Amino acid sequence: MRIDKMLANLGYGSRKEVKMLLKNKAVKVNDVIIKDAKHQVDPEKDEVSLNNEIVEYKEFIYLMMNKPPGIISATEDTREETVVDILQIEDSVYNPFPVGRLDKDTEGLLLLTNDGKLAHRLLSPKKHVPKTYFAVIRGEVGEEDVEAFKKGVVLDDGYLTKPGHLVILKAGETSDIELTISEGKFHQVKRMFESVGKKVVYLKRISMGPLELDETLELGEYRELTEEEIELLRNYEVK
C-alpha cells in the first residue's frame, strides 16, 4: 500500500496534505524518514510514525453501539442525524456502516463495520441470523400469542412471517417480552404485535446472532468489538 494512501485513509489529511507531511520529513517507516508518496508499506509488518507518534492501521473496524432513539441507522442523511454522525473522527475515517437497520425510535444493539463480507453474511436472507428484542407491549400478551408467533403471523400486507420465539417476562395491562426473529421486514416486530391486536410502546434489540449488547454501554455509546467477539461473528453458523 502506498504511504500517502494509508495516511489519507486514516484521516491524516487529503493526499495533497499528506504529501506536504512527507515533504516536511514528518513521516518515518521503520525509523527511516520517507518523502516519497509512492513508497510502499505493509501495515501488518512496517512501523509507521508521524511526528514520532506511531500510526496504528486497521483494515477493518467493528463497533458495537447502543443506539439511542431519535437517530437513524444510515451513513448519511440530509435531514436526520445518523449513527455515523455520532462516531468519533478516529472511527468515522474508516467509513463504517450499520449492519442492518433499527427504526428511528428503537434502541439497542447495532453493529457498524466496513467489512462488507461479514455484513453480507449476517444480513443474507439465506442465513436466517436470529435477532432478539426486548419490548414493552400495550395489552396483555398471552400463550395464544406465543403459539401464534411460533407458527408465523400474517402482517398487514399479507406477508406470512417466519416463526418467532416469544417469551413473556411480565404479563398485564402492559407486558414485557422478548422476541427472537430471523428476518428483518420493515417495522417487523411492531407489525407482528399489531397483527394480534397489540401495540409496541418500547423496543430494544439485545442480540444479533452470537453478539449480545454490552449493557455497560449507555445510550449513544459504543466500543470496538473484542477479538473474541469478532471471531464469533466470522465463524457463526445458524444451527
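A charge is said to sit over a ring if NZ of Lys or CZ of Arg is within 6 Å of the ring centre and within 35 degrees of the ring normal. With that in hand, select Lys-185 and Tyr-159: Lys-185 lies over the face of Tyr-159, at 4.6 Å from the ring centre.

Before going on, note that this is a predicted model, in which local features need pLDDT of at least 70 and side-chain atom pairs count only at pLDDT 80 or more, while totals for chains, interfaces and linings use all residues. Residues are numbered from 1 along each chain as its sequence is written, and side-chain values use heavy atoms, with hydrogens and water left out.

**The domains**

Colour the chain by domain, taking the bounds from an automatic or database domain assignment: domain 1 covers 3-54, domain 2 covers 62-124 + 215-235, and domain 3 covers 131-208. Between the centres of domain 1 and domain 3, taken over C-alpha atoms, there are 52 Å.

**The largest pocket**

Next, select Arg-101, Glu-183, Gly-184, Lys-185 and Phe-186, which, of the 32 residues lining the largest pocket, lie nearest its centre. A pocket here is an open set of points on a 1 Å grid over the protein atoms alone, where a 1.4 Å probe fits and protein lies on both sides within 12 Å along at least five of seven lines; lining residues have an atom within 4 Å of a point. The volume of the largest pocket is about 650 Å³, a volume being the space filled by probe spheres set on the points, which are joined across faces, edges and corners. Helix 4 (116-123), strand 8 (131-138), helix 6 (188-194) and strand 11 (199-208) are the elements that give two or more residues to this lining; helices (H or I, at least four residues) and strands (E, at least two) are DSSP runs, numbered from the N terminus. By residue class, the lining has 14 nonpolar, nine polar and nine charged residues, where Ala, Val, Leu, Ile, Met, Phe, Trp, Tyr, Cys and Pro count as nonpolar, Asp, Glu, Lys and Arg as charged, and the others, Gly among them, as polar.

Move to the second largest pocket, which holds about 230 Å³ of space; its lining includes Glu-44, Tyr-57, Phe-60, Tyr-62, Glu-227 and Arg-234. Helix 7 (residues 227-234) gives the most to this lining, with three residues, and the lining as a whole divides into six nonpolar, no polar and six charged residues.

Keep Phe-60 and Tyr-62 selected. Three aromatic pairs are found in the whole structure, and in the one formed by Phe-60 and Tyr-62 the ring centres are 6.4 Å apart and the planes are at 55 degrees, so the pair is tilted. Rings of Phe, Tyr and Trp (its six-membered ring) pair if their centres lie within 6.5 Å, with planes under 30 degrees apart counting as stacked, over 60 as edge-to-face and the rest as tilted. Phe-60 is partly exposed at 29% relative accessibility, whereas Tyr-62 is buried at 5%; buried means under 20% relative accessible area, exposed over 50%, and partly exposed in between (1.4 Å probe, protein chains only).

**Two asparagines with positive phi**

Now select Asn-51, in the loop between strand 3 (48-50) and strand 4 (53-54), and then Asn-52, which lies in the loop between strand 3 and strand 4. Phi of Asn-51 is near 50 degrees, a positive value in a residue other than glycine, and Asn-52, also not a glycine, has a positive phi of about 70 degrees. Asn-51 is exposed, with a relative accessible area of 53%, and Asn-52 counts as exposed at 61%.

Finish with some C-alpha distances. Asp-91, in helix 3 (residues 89-92), is buried at 10% relative accessibility; Asp-91 and Leu-10 are 81 residues apart in sequence and 9.0 Å apart in space, C-alpha to C-alpha. Leu-219, in the loop between strand 12 (211-212) and strand 13 (222-224), is partly exposed at 43%, and its C-alpha atom is separated by 8.3 Å from that of Pro-69, 150 residues away along the chain. Lastly, select Leu-211 in strand 12, which is buried at 3% relative accessibility.
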